[in-house]
Amino acid sequence: MKSGTVDMPAHAEPQSQRRPRADQENSILLNLVVLVITILICCSGMELALRVVFAKSRDFSMEMWKYATQLKQPVANPSLSFAHTPNRSAFLMGVPVSINSQGLRDREYAQQKPPHTYRIMMLGDSTTFGWGVRLEDTAAKFLERKLNANLPPGYDKVEVIDAGVGNYDTVQEVTYYETRGRDFHPDLVVLVFFINDPEPVPLEKKGFLIDRSYLIAFATNRFDGVLRHFGMRPDWKHYYSSLYDDDKPGFRACKQALSNLANSTRSNGADVLVALLPELHQINGETYPFKAAHQKIKNVVAADNIPAVELIEGLKDHGPENTLWVTTLDDHPNAKANNLISDQLQQWVLANLSKSGRPKTGS
């Protein structure tokens with residue numbers, strides 16, 4: 001060692017080299033913080049913009065998300081999964097929607113049926129609920145007005161309760177009747193059967209962000225749309241037809257639920273009708289692609305002596321199919337379609353209701 005010098009450890013860096021590295025690390029950290037803040041500001045801006053854009057929209061996917069987050073709640077019964085949240089209101093698909101204290105999109109009803117009243121309960125999914133139409137333009141309310149204008153013999157009043165809940169399948173609809181609906185003592189239960197009813201019972205999941213963020217919901221919906229556009233989701237005809245494979249658990253559960261409904265309505269002194277509502281994309285002429293699926297359901301209910309009516313007969317050939325849709329991109333029944341549906345239900349009720357006040361057996 002030379003005089004006046006100090007040996008440095010072999011691994012040590014001169015202080016003049018350590019300072020630039022520390023400055024570089026601080027700069028990277030600062031840039032990351034700025035980037036995160038910028039992303040958060042952009043996301044907040046997009047969230048705000050989407051809330052404004054979709055406040056009163058008719059975008060099917062976003063409106064269904066709003067419906068699920070604003071008007072539904074999970075329930076403990078796994079065969080029901082979810083139900084309407086009582087006393088909630090929202091503006092959905094261009095119309096106001098209000099849920100009463102009984103969880104129905106309808107007015108309030110006394111559970112004890114008034115004297116000389118014929119009460120009908122309509123079970124179903126969003127098509128019965130009245131997606132995209134005002135309450136007075138649902139099939140249930142059209143039917144109620146028509147029957148009150150032409151009362152069945154022996155009755156002073158007809159009530160038609162709309163018990164439709166969006167995304168319900170047959171299992172849920174029957175479970176609703178057996179756990180809640182029968183308390184209203186309907187004389188007739190009309191189950192409006194739609195082509196996707198053999199789907200498994202969906203799970204209603206609640207999450208902090210997905211229930212609150214328009215941005216996350218929008219991104220999720222559009223990503224699913226991209227997958228469908230590029231054929232990474234099954235086309236609608238193949239998907240619906242596949243639900244009726246005899247080995248599918250959902251179809252087996254659907255058939256069992258229909259049998260259960262036959263038994264439970266009889267035990268409660270009510271009559272039952274299954275009304276098969278067609279998928280409205282292709283109904284004119286003889287082109288309907290799901291005739292075989294409808295026949296399977298008619299065979300199932302016939303085994304339990306449940307009458308069935310094919311609503312396609314009164315819906316087809318009333319102009320282009322899309323004149324029956326809520327929008328050109330959403331084929332839920334509009335007011336015109338619901339009016340045509342109610343015509344057929346009215347005819348069935350008046351033709352099958354005997355003077356004793358009980359519908360005749362058979363269709």
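Modeller: A residue counts as buried under 20% relative accessible area, as exposed over 50%, and as partly exposed in between (1.4 Å probe, protein chains only). This is a predicted model, in which local features need pLDDT of at least 70 and side-chain atom pairs count only at pLDDT 80 or more, while totals for chains, interfaces and linings use all residues. Residues are numbered from 1 along each chain as its sequence is written, and side-chain values use heavy atoms, with hydrogens and water left out.

Biologist: How many salt bridges does the structure hold?

Modeller: Side chains of opposite charge can pair when their charged atoms come close. The structure holds 15 salt bridges (a side-chain nitrogen of Lys or Arg within 4 Å of a carboxyl oxygen of Asp or Glu).

Biologist: Which residue forms a salt bridge with aspartate 246?

Modeller: Aspartate 246 is paired with lysine 296, and their closest N and O atoms are 3.3 Å apart. Because lysine 296 lies in helix α9 (residues 291-303) and aspartate 246 in the loop between α7 (236-242) and α8 (249-267), the pair ties together parts that are 50 residues apart in sequence; helices here are DSSP runs (H or I, at least four residues), numbered from the N terminus. Lysine 296 is partly exposed at 29% relative accessibility, and aspartate 246 is partly exposed at 47%.

Biologist: Which side chain meets glutamate 136 in a salt bridge?

Modeller: Glutamate 136 meets the side chain of arginine 134, at 3.3 Å from N to O. Arginine 134 also forms a salt bridge with aspartate 137, where the closest N and O atoms are 2.9 Å apart.

Biologist: Is aspartate 137 buried or exposed?

Modeller: Aspartate 137 counts as buried, because its relative accessibility is 13%. Arginine 134 is partly exposed, with a relative accessible area of 42%, and glutamate 136 is partly exposed too, with 36%. Elsewhere, a network of salt bridges links Asp106, Arg107, Lys141 and Glu144.

Biologist: Which residues form a nonpolar patch on the surface?

Modeller: The patch is made of Ile28, Leu32, Leu35 and Ile39, which together have about 370 Å² of accessible area (Shrake-Rupley method with a 1.4 Å probe; for residues, only the protein chains shown count as cover). Patch residues have over 30% relative accessible area and no salt bridge, with like charges joined within 9 Å and nonpolar side chains (Val, Leu, Ile, Met, Phe, Trp, Tyr) within 5 Å.

Biologist: Where is the place of leucine 35?

Modeller: Leucine 35 is in helix α1 (residues 15-53), and at 47% relative accessibility leucine 35 counts as partly exposed.

Notes
Helix = DSSP H or I, 4+ residues; strand = E, 2+ residues; numbered from the N terminus.
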